[in-house]
Amino acid sequence: MELSALNSLITPSCSSLHKFAFIGSGPLPLTSLCIYQTAASFSRPSQHSTTENPVEVLNIDFNPKAISESKQLCESLGPNATGMKFQCSAADSPDLDLSSFDVVYLAALVGSTQAEKEILLECVVGRMREGAYLVIRSAERLRRLLYAVSG
């Protein structure tokens, strides 16, 4: 659904979406793989001359084990995941450069409190280029399925 909404933003006067960053990708980057597989169809044929997928997805997570497992999975997928890149970094790291990305996803589980999420959101937006899109995922009701609700 998110990718369809992004695709609807592409017009003849705007460039295609090729570079995606996913902050909080975790050890199983299913959304990133969907982006990689689907976003290539959003490109206009004149914008890339080869049959290669022109899409790049940078998976970002602060957990080194999650990045390692994610990278290993994508390596086992071979050509189906050649555009998947990886970076171990916190969302608020000064070393996280998001200025070259067309779309930045911020996972629902990035930040544990509302205040922390707001601070991280400001950090992320401050590192994006003007005109890039930000997709914020939410787990408002889904979180209850993932974690036991106490009280």
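Select lysine 65. Lysine 65 is exposed, at 58% relative accessible area (exposed means over 50%, buried under 20%, partly exposed in between, with a 1.4 Å probe and protein chains only). Helices (H or I, at least four residues) and strands (E, at least two) are DSSP runs, numbered from the N terminus.

A word on the ground rules. This is a predicted model, in which local features need pLDDT of at least 70, side-chain atom pairs count only at pLDDT 80 or more, and totals for chains, interfaces and linings use all residues. Residues are numbered from 1 along each chain as its sequence is written, and side-chain values use heavy atoms, leaving out hydrogens and water.

How many salt bridges does a search of the whole structure find? It finds two. For the other pair, select arginine 129 and aspartate 102, whose closest N and O atoms are 2.7 Å apart. This pair links distant parts of the chain, 27 residues apart. Arginine 129 is in the loop between helix 4 (114-127) and strand 5 (133-136). Aspartate 102 is in the loop between strand 3 (84-88) and strand 4 (103-106). Is each one buried or exposed? Arginine 129 is partly exposed at 32%, while aspartate 102 is buried at 10%.

Next, colour by pLDDT, the predictor's confidence in each residue, from 0 to 100. The chain mean is 82, and 74% of residues reach 70 or more. Go to strand 3 for the highest confidence, a mean of 97. Then go to helix 5, residues 143-146, for the lowest, a mean of 48. Over residues 147-151, pLDDT stays under 50.

Last stop: the lining of the largest pocket. Select Gly24, Ser25, Gly26, Ala107 and Leu109, the closest to the pocket's centre among its 32 lining residues (a pocket is an open set of points on a 1 Å grid over the protein atoms alone, where a 1.4 Å probe fits, with protein on both sides within 12 Å along at least five of seven lines; lining residues have an atom within 4 Å of a point). Helix 2 gives the largest share of the lining, three residues.

Terms used:
A salt bridge is a side-chain nitrogen of Lys or Arg within 4 Å of a carboxyl oxygen of Asp or Glu. Contact means heavy atoms within 4.5 Å.
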